[in-house]
Amino acid sequence: EIVFGSVVSGRPAELEGIENMVGLFINTIPVRIKVDGKETPRRLLNKLHQDSIQSTGYHFSSLADIQSLSSLGKDLINNIIIFENYARKDDQEMLTDIVYENSETFEQTNYNLNIVVVPATDFLKIEFKYNSSVYHSSAITNSLLHFHNLLNRFRTFPDVEVSEMDYLGPEEEELLLKNFNSTEIVYPEETIVSLFEEQVNSCANSVALIYDDVKLSYNDLNTESNRLAHYLRNHYNIRSNDLVCIELPRNEKMIVSILGILKSEGAYVPIDVNYPQE
C-alpha cells in the first residue's frame, strides 16, 4: 500500500476557457495505491488509469484538509510525482495569441524526493530529484536501476503477476543473494549454557555483567541462573522446548532469566514491557 503526492494542474478540460486564464492553479493531492501481488501489470495499470480519471473531482481539495483527516498528518506523503506537459516551441502552431520565446525557471519543493516526468516528441524524460541530506546518492542510483528494470518487466511481461516481477540488477542480485549469504562458519558442538559454564570454571570471580550499580561475577550469574532453572523445573515442570516468556526491562534480571530458562531446557520468549497487558 503506497501513498505519494501527485501534482495536478487545476485546469479541468470541462471548465470552459480554462486555458485562456492566467494564474497558478496547481495543487498537490495524495494518491493511494493498494497493490495485490496477484495482479498483472496490465490489470494494475488499467485500474490506476480508471482511479486517476475518477479522482479529477478532488483536484481542488486542500492538501492541509486531507492531511488533517489522517493520523499521519503532514507525514501522509513525503514524495511527489510531477507530470510536466508545458507548451513547447514545437507547439506554437497550436497557439494563436501567445508566442512562446524562451523561459528560465527555478524550482524547489518541500519534499525530499520528486519524480518529474517530461514528455518529449517520441519519448518520456523521467528525472529523480532528491534531498542529498536525506538520501544517499547510491540509494537513488539503486532506485533508478530498480525503476528501469521494472519498466522493462512491465513492458515485456504485461500478463505475469506483479509478485513474480524481479527488479534487481545482476550485480545487486549477486551481492544480496550470494555474497551476503556467504556466512558459513564452523561452530563448536556446544550449547550456550556449556560455553557459559566453561567461562565460570576459567574465571569465576571476573565481572560478567554490569548494569547501573549492579555487578555480577561469572560465579554470581551462574548461581542466580541455576536457582531460577531449578525453580522453573520444580514449580512449573519445564521441559525441553517449553516456552517461557520474559517480560522485563533490559537489566541484569533479564540476563539471569535468559540463562535460567536455557538451563531448565526451555526456550525464552521476550515480550516488550510497553505492550498492552492484554
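User: In this predicted model, does tyrosine 231 count as buried, partly exposed or exposed?

Analyst: The model is predicted, and the relative accessibility of tyrosine 231 is 38%. Buried means under 20% and exposed means over 50%, with partly exposed in between. Tyrosine 231 therefore counts as partly exposed.

User: What kind of aromatic pair do tyrosine 231 and tyrosine 236 form?

Analyst: The ring centres of tyrosine 231 and tyrosine 236 are 6.0 Å apart, and the angle between their planes is 65°. Planes over 60 degrees apart count as edge-to-face. The pair of tyrosine 231 and tyrosine 236 is edge-to-face.

User: Is tyrosine 236 buried or exposed?

Analyst: The relative accessibility of tyrosine 236 is 54%. The cut-off for exposed is over 50%, so tyrosine 236 counts as exposed.

User: How many residues apart are phenylalanine 128 and phenylalanine 147?

Analyst: These two residues form an edge-to-face aromatic pair, 5.6 Å centre to centre with 65° between the planes. Phenylalanine 128 is buried, at 16% relative accessible area, whereas phenylalanine 147 is partly exposed, at 31%. Phenylalanine 128 belongs to strand E5 (residues 124-130) and phenylalanine 147 to helix H3 (residues 137-156). The pair thus links distant parts of the chain, and the separation is 19 residues.

User: Why is H6 described as oblique to H7, and what is the angle between them?

Analyst: Helix H6 covers residues 218-236 and helix H7 covers residues 252-263, and their axes lie 7 Å apart. Roughly parallel requires an angle under 35 degrees, and roughly perpendicular begins at 65. H6 is oblique to H7 because the angle falls between those limits; the value is about 55°.

User: What is the handedness of the crossing of H5 and H6?

Analyst: Helix H5 (residues 192-202) packs against H6 at about 135°, with the axes 9 Å apart, and this makes H5 oblique to H6. Phe196, Glu197, Gln199 and Val200 of H5 meet Tyr218, Asn219, Leu221 and Asn222 of H6. The residues of this contact comprise four nonpolar, three polar and one charged. The crossing of H5 and H6 is left-handed.

User: Which strand contains serine 217?

Analyst: Serine 217 is buried, because its relative accessible area is 11% and the cut-off is under 20%. Beyond its neighbours within four places in sequence, serine 217 is in contact with Ala204, Asn205, Ser206, Val207 and Ala208. Its strand spans residues 214-217 and is E7.

Definitions and conventions: Residues numbered from 1 in each chain as written. Predicted model: local features only at pLDDT ≥ 70, side-chain atom pairs only at ≥ 80, totals over all residues. Heavy atoms only, no water. Axes fitted to C-alpha atoms, helices over the stretch in contact; angles between N-to-C directions. Helix = DSSP H or I, 4+ residues; strand = E, 2+ residues; numbered from the N terminus. Parallel < 35°, antiparallel > 145°, perpendicular 65-115°, else oblique. Buried < 20%, exposed > 50% of the residue type's maximum accessible area, 1.4 Å probe, protein only. Contact = heavy atoms within 4.5 Å. Left-handed = near helix turned anticlockwise from the far one by under 90°. Nonpolar A, V, L, I, M, F, W, Y, C, P; charged D, E, K, R; others polar. Phe/Tyr/Trp six-rings, centres within 6.5 Å; stacked < 30°, edge-to-face > 60°.
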